[in-house]
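Subject: Structure handover

Hello,

Here is the structure for your files. My notes on it follow below.

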Amino acid sequence: MSDTMTRPSPGKTLVLNPADNIAVALANLEVGTETPQNVSILRRVPRGHKFSTRPIAAGEAVVKFGQIIGFAKEGIPAGDWVHEHNCGMGGPDGTLTHDYAFAEGAVPVDMIAQAQRATFQGYRRANGSVGTRNYIGILTSVNCSATVAKFVAEAINRSGLLDDYPEIDGVVPFVHGTGCGMESRGEGFDILKRTQWGYTSNPNLGAALLVGLGCEVFQIGRMKELYGIEEGETFQTMTIQERGGTKKMIEWGVEKVKEMLPIAAAARRETVDASHLTLALQCGGSDGYSGITANPALGYAADILVRNGGTAILSETPEIYGAEHLLTRRAVNREVGEKLISRIHWWEDYTQRNHGEMNNNPSPGNKLGGLTTILEKSLGAAAKGGTTPLTAVYEYAEKVTEKGFVFMDTPGFDPVSATGQVAGGANILAFTTGRGSAYGCKPVPSMKLATNSDMYARMTDDMDINCGDIVEGVSIEDKGQEIFDMLIDIASGKRTKSEDLGYGDNEFVPWQVGAVM
């Protein structure tokens, strides 16, 4: 997207790019309202929605952010409400051809010298990674061991033992609904393997148990062999069948956690630079303000992090669909750009095989908030990625090893997407929302960014920062710096609103791909 943004006439309308043929309503516009674009509103335009600033012929491109967001289904007169009734994706197959211009727009980053980098207080782990939290996790190889994992965590958390270990943030069961009734090879199995080991090795866990039933497809022993995992003071495994049943397994789990408590609690926060931060970028419950306020502000914060040597992970492949050409231009080389496009093609095939289409997103809530097509939503969502070069593209839950701005292929469903990012090594998360998503992400703190002031006022107990004041005159740059500063505070131990509310126990949702048998 272009960096050009026209400042709004307070309370009225906003044109985002001189090439646009629509404007965004910053308040409900009633019939007959005269706008700064010298058009009179012909049909009521809800706040956050769009109206045409000049006549748009049937079949003509509808342009927002200086980019195509759809095509007019019929002639649209100046001043008319533009939404799904008169704006669609275009061609019968719902696709739009782009010039990918691989690596042509990648601009080297002006890196901050190490001595001048931002710092935070983090937990340095033995392998050199750094945590922002210090949890003990109980993972499960299969749904059949989920109840035991929950019982072990509940026993510890209710016992009062954690009162003696203030350096431990809690004991969390990471349970899921798969692990058996699946092929022991292929995409689905590989995803589960990467997700399980990724969580086990996430720097925000000071110790972990992995518990199974024993006869499942996902065999713990095979995973340990594959990744060269050796058990020790901070990692133990066991199955219910091997231990002799549910009660004995719970007793074993509780004793093992008790042994791990003093070891995990020995960790102390120390000063480290921001290059040790890996930021997961998420958006959910998007609205017409998302691509105008919170997303570009978060993108600016992501740029600051990259200049400080850190990593920012953009994901949700269905929600960059139609904006992928903006990312391929920023790829460091053609290979990285082509890997992104190969994932786009995978999604086109995946949705077609399942009798769906990429434009089934935006959701009904997104549309109520003013988003019309996936192209429009994607252009706003991609803004979270800032402006720095795209250094790598990863598959779901793959370990992120490159620094800078990277992409991970995930679904758009927020819990599934964030689970992949955390498995990839994210130790902090920023989540923009316009409708008001309620979300948390143990073991990773999740900062919530409101796209509009009305929702922030209604849901202030859930939202950490209000980005709605951008349309009231606050600059993207100032808000981005505010976001970055809070990220540093949260990484150092400041609790987020979702942590205060207790979110995060139920948001571990590995992506399930393939047949359930």
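I start with an arginine. Leaving aside neighbours within four places in sequence, R125 is in contact with R133, N134, P203, N204, L205, G206 and A267. Please keep in mind that this is a predicted model. R125 sits in the loop between β8 (119-124) and β9 (130-131). Which side chain of opposite charge is nearest to R125, and how far away is it? It is D169, at 7.2 Å. R125 is thus listed as buried yet without a salt bridge, because a salt bridge needs a side-chain nitrogen within 4 Å of a carboxyl oxygen.

Salt bridges

By that rule the count is 26 salt bridges. Some of them are described here.

- R343 and D409 form a salt bridge, with 2.7 Å between the closest N and O atoms. This pair links distant parts of the chain, 66 residues apart: R343 belongs to helix α8 (residues 334-353), and D409 to the loop between β18 (404-408) and α11 (414-423). Both R343 and D409 are buried.
- R54 and E60 meet through their side chains in a salt bridge of 2.8 Å, N to O. R54 is partly exposed at 36% relative accessible area, and E60 is partly exposed at 25%.
- R185 forms a salt bridge with E183, the closest N and O atoms being 3.5 Å apart. R185 is exposed, with a relative accessible area of 59%, whereas E183 is partly exposed at 38%.
- K50, K64 and E376 are linked in a network of salt bridges.

The parallel sheet and its helices

Four strands make an open sheet, in the order β11-β10-β12-β13, and their pairing is parallel. β11 and β13 (235-239) are the edge strands, each pairing on one side only. From one strand to the next, the twist averages 15°. Between β10 and β11 the parallel pairing runs over five bridges, and Y135 has G170 in β11 as its bridge partner.

Two helices lie across this sheet. α1 lies across β10, β11 and β12, at about 170° to β11. α5 lies across β10, β11, β12 and β13, at about 165° to β12.

Helix α1 (residues 146-159) has 14 residues. From its first C-alpha to its last it reaches 20 Å, close to the 20 Å expected at 1.5 Å a residue. Which residues of α1 are buried? They are A146, V148, A149, V152, A153 and I156. The cover over these buried residues includes β10 (135-140), β11 (170-174), β12 (205-212), α4 (240-243) and α5 (246-265). After α1 comes G160, with a positive phi near 90°.

Around T391

T391 lies in strand β17 (residues 390-394). Along the chain, T391 and E402 are 11 residues apart, and their C-alpha atoms are separated by 6.9 Å. Not counting residues up to four places away in sequence, T391 touches V332, V336, E402, K403, G404, F405 and V406.

Regards

Terms used:
Residues numbered from 1 in each chain as written. Predicted model: local features only at pLDDT ≥ 70, side-chain atom pairs only at ≥ 80, totals over all residues. Heavy atoms only, no water. Buried < 20%, exposed > 50% of the residue type's maximum accessible area, 1.4 Å probe, protein only. Lys, Arg positive; Asp, Glu negative; His and termini not counted. Contact = heavy atoms within 4.5 Å. Expected span 1.5 Å × (residues − 1). Pairing = 2+ DSSP bridges. Axes fitted to C-alpha atoms, helices over the stretch in contact; angles between N-to-C directions.
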